[in-house]
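Reader: I have a new structure open and could use a guide. Can we go through it piece by piece?

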Amino acid sequence: MPYFAKLMLLIFCLVLLVESRKLRKRRWMGQVEVHRASPIYKKNHDMTKTRMGKTEQLLRVDDHDFTMRPAFGGPAIPVGVDVQVESLDSISEVDMDFTMTLYLRHYWKDERLSFPSHTNKSMTFDGRLVKKIWVPDVFFVHSKRSFIHDTTTENIMLRVFPDGHVLYSMRITVTAMCNMDFSRFPLDSQTCTLELESYAYTDEDVMLYWKNGNESLKTDEKISLSQFLIQKFHTTSRLAFYSSTGWYNRLYINFTLRRHIFFFLLQTYFPATLMVMLSWVSFWIDRRAVPARVSLGITTVLTMSTIITGVNASMPRVSYIKAVDIYLWVSFVFVFLSVIEYAAVNYLTTIQERKQQKLREKFPCTCGIPSTKTMMLDGIYSESDANSLEGYPRGQMVTEEDKQDKIHLAMNNEPNGSRKRGLKGHVSLRIMQNTHAIDNYSRIIFPGTYIFFNLIYWSVFC
């Protein structure tokens, strides 16, 4: 009995297996007939639009070694490059660098990625396929920082054409070095360069070139900077040599910037000029008003020092003189000289008063005028003093000329030695009596010299 049951179970299993094969064959034959009867399936399908299990099966990524460049061992592969500048973010004078955001695109042909297509349609992929195929290893020479944008995914696009041509595009922000010359700052123009080069492949393996010459570089018309005017963008290329590795193709993106001067006119040049002009006010203040003239001079000197410090704080510590340094330091010298001018006037005035005091003690002739009403020998007296002299007879007052005659008569009666000393002192006294003339000359010399300096400065640096 058990043997009979086993035999029946085996026969039942064989019947089920045969029926299932018949059903599967009948279903497959029905699908073929539908395909033949439908006019839609009579068209030739583009393999790029047919859904497949894996993209790698269409591009045959697993069938080739993509660690090697295309045509390995043969001639150098041409790699065309074009760039679209999206924005010029910042220019830093202190760090001597610039930051730029751009779209970097590469063009080359890799026959290993060719695929059949009847309509010549391309396939577009994101950055996930880039890690499985060969791409050029272009880097930025003299760059300090750079990154590929990754919001919301990596900003990478790969487009493959049926004949094997490839377009590889990235959105990058790069901060690169810019050698700046500040000898004419802030009346200067700067030329910065962004350099591209293959890191591993020499010119015998990869030939980098601008795909469309100068047309390979495109910029957004809305690009602008607060301190600079962008004059022009242009491209160049040449070979770069490294002693240990060889020759490499290097591409250059050059752009010229001209600095806006209006900001520095308001923040630096106008305040410095006003401080110099303010220092000239002391020439019109009485030389005996010591607090007024000293405080004015010290204030202008300290203000000029603050302006110089503020300008240098925003600049790199270069070892040469800048154009703004020349203007500020010359202005500082003018302000400082105005303080020295008053020091000289005050010193000479003090000496003059001492000489007059000695002369009054030597010739105490008041000629009927009380001692409190005696005029200074330099002829300077107040209005109240003049009014107080109206009550005296004119004959009782002695003029300056009569006074000088009496001084000469007294000197003639003295011995020769004392006469010579008195004559020398009298000449010195006459010079000292005109110390106010220094202020008069300064009112003309200081402004005239400063105007002449400005004419030379702006004619040279503009």
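Reader: How many disulfides does the structure hold?
Author: It holds 1 disulfide. Keep in mind that this is a predicted model.

Reader: Which residues form the disulfide?
Author: Cys178 and Cys192 do, with their sulfur atoms 1.9 Å apart. The pair links distant parts of the chain, 14 residues apart. Cys178 sits in the loop between β7 (165-177) and β8 (189-198). Cys192 is in strand β8.

Reader: And why is the disulfide left-handed?
Author: The torsion about the S-S bond is about -80°, so the disulfide of Cys178 and Cys192 is left-handed.

Reader: Is Cys178 buried or exposed?
Author: Cys178 is buried, because its relative accessibility is 1%, under the 20% cut-off. Cys192 is buried too, with a relative accessible area of 1%.

Reader: What about Cys462, buried or exposed?
Author: Cys462 counts as exposed, because its relative accessibility is 67%.

Reader: Back to β7. What does it pair with?
Author: Strand β2 pairs with β7 in the antiparallel sense, over 13 bridges.

Reader: How many bridges does strand β6 make with β7?
Author: Strand β6 (residues 156-160) pairs with β7 over 5 bridges, in the antiparallel sense. Leu158 stands opposite Tyr168 in β7. The two strands, β6 and β7, form a hairpin with 4 residues between them. Gly164 in that turn has a positive phi of about 100°.

Reader: Why is β7 largely enclosed?
Author: 10 of the 13 residues of β7 are buried, so β7 is largely enclosed by the rest of the structure.

Reader: I'd like to look at His106. Where is it?
Author: His106 is in strand β2 (residues 97-109). It counts as buried, because its relative accessibility is 1%.

Reader: What is His106 in contact with, leaving aside neighbours within four places in sequence?
Author: The contacts of His106 are Val79, Gly80, Val81, Pro136, Val138, Val166, Leu167, Tyr168 and Met170. Tyr168 is the residue of β7 that stands opposite Leu158.

Reader: Now the largest nonpolar core. Which residues touch the most other members?
Author: They are Val83, Leu88, Phe98, Leu102, Leu104, Leu158 and Leu194. The core has 78 residues.

Reader: Take Val83. What does it contact beyond four places in sequence?
Author: Val83 is in contact with Leu102, Tyr103, Leu104, Trp210, Ser216, Leu217, Lys218 and Ile253. Two names there, Leu102 and Leu104, are also in the list of core residues that touch the most other members.

Reader: New topic. What order do the strands have in the open sheet of 4?
Author: The order is β4-β8-β12-β11, with antiparallel pairing. The edge strands are β4 (138-141) and β11 (228-242), each pairing on one side only. From one strand to the next, the twist averages 25°.

Reader: How many bridges join β11 to strand β12?
Author: 14 bridges join β11 to β12 (residues 246-259), and the two run antiparallel. Tyr242 has Gly246 in β12 as its bridge partner.

Reader: Last topic, the rings. How many aromatic pairs are there?
Author: The count comes to 27 aromatic pairs. Tyr450 and Phe453 form a tilted one, 6.1 Å centre to centre, with 40° between the planes. Both residues lie in helix α9 (residues 436-461), 3 residues apart, about one turn of the helix. Tyr450 is buried at 3% relative accessibility, and Phe453 is buried at 15%.

Reader: Why is the pair of Tyr457 and Phe461 tilted?
Author: The planes of Tyr457 and Phe461 are at 45°, with ring centres 4.9 Å apart, so the pair is tilted. Tyr457 and Phe461 also lie in helix α9, 4 residues apart. Tyr457 is buried at 3%, and Phe461 has a relative accessible area of 15%, also buried.

Reader: Which residues form the one aromatic cluster with them?
Author: The cluster is Tyr269, Trp280, Phe283, Tyr327, Phe334, Phe446, Tyr450, Phe453, Tyr457, Trp458 and Phe461.

Terms used:
Residues are numbered from 1 along each chain as its sequence is written. This is a predicted model: local features need pLDDT of at least 70, side-chain atom pairs count only at pLDDT 80 or more; totals for chains, interfaces and linings use all residues. Side-chain values use heavy atoms; hydrogens and water are left out. A disulfide is a pair of cysteine sulfur atoms within 2.5 Å. Buried means under 20% relative accessible area, exposed over 50%, partly exposed in between (1.4 Å probe, protein chains only). Two strands pair if DSSP finds at least two bridges between them. Axes are lines fitted to C-alpha atoms, for helices over the stretch in contact, and angles run from 0 to 180 degrees between N-to-C directions. Contact means heavy atoms within 4.5 Å. A nonpolar core is a set of buried Ala, Val, Leu, Ile, Met, Phe, Trp, Tyr and Cys residues joined through side-chain atoms within 4.5 Å. Rings of Phe, Tyr and Trp (its six-membered ring) pair if their centres lie within 6.5 Å; planes under 30 degrees apart count as stacked, over 60 as edge-to-face and the rest as tilted.
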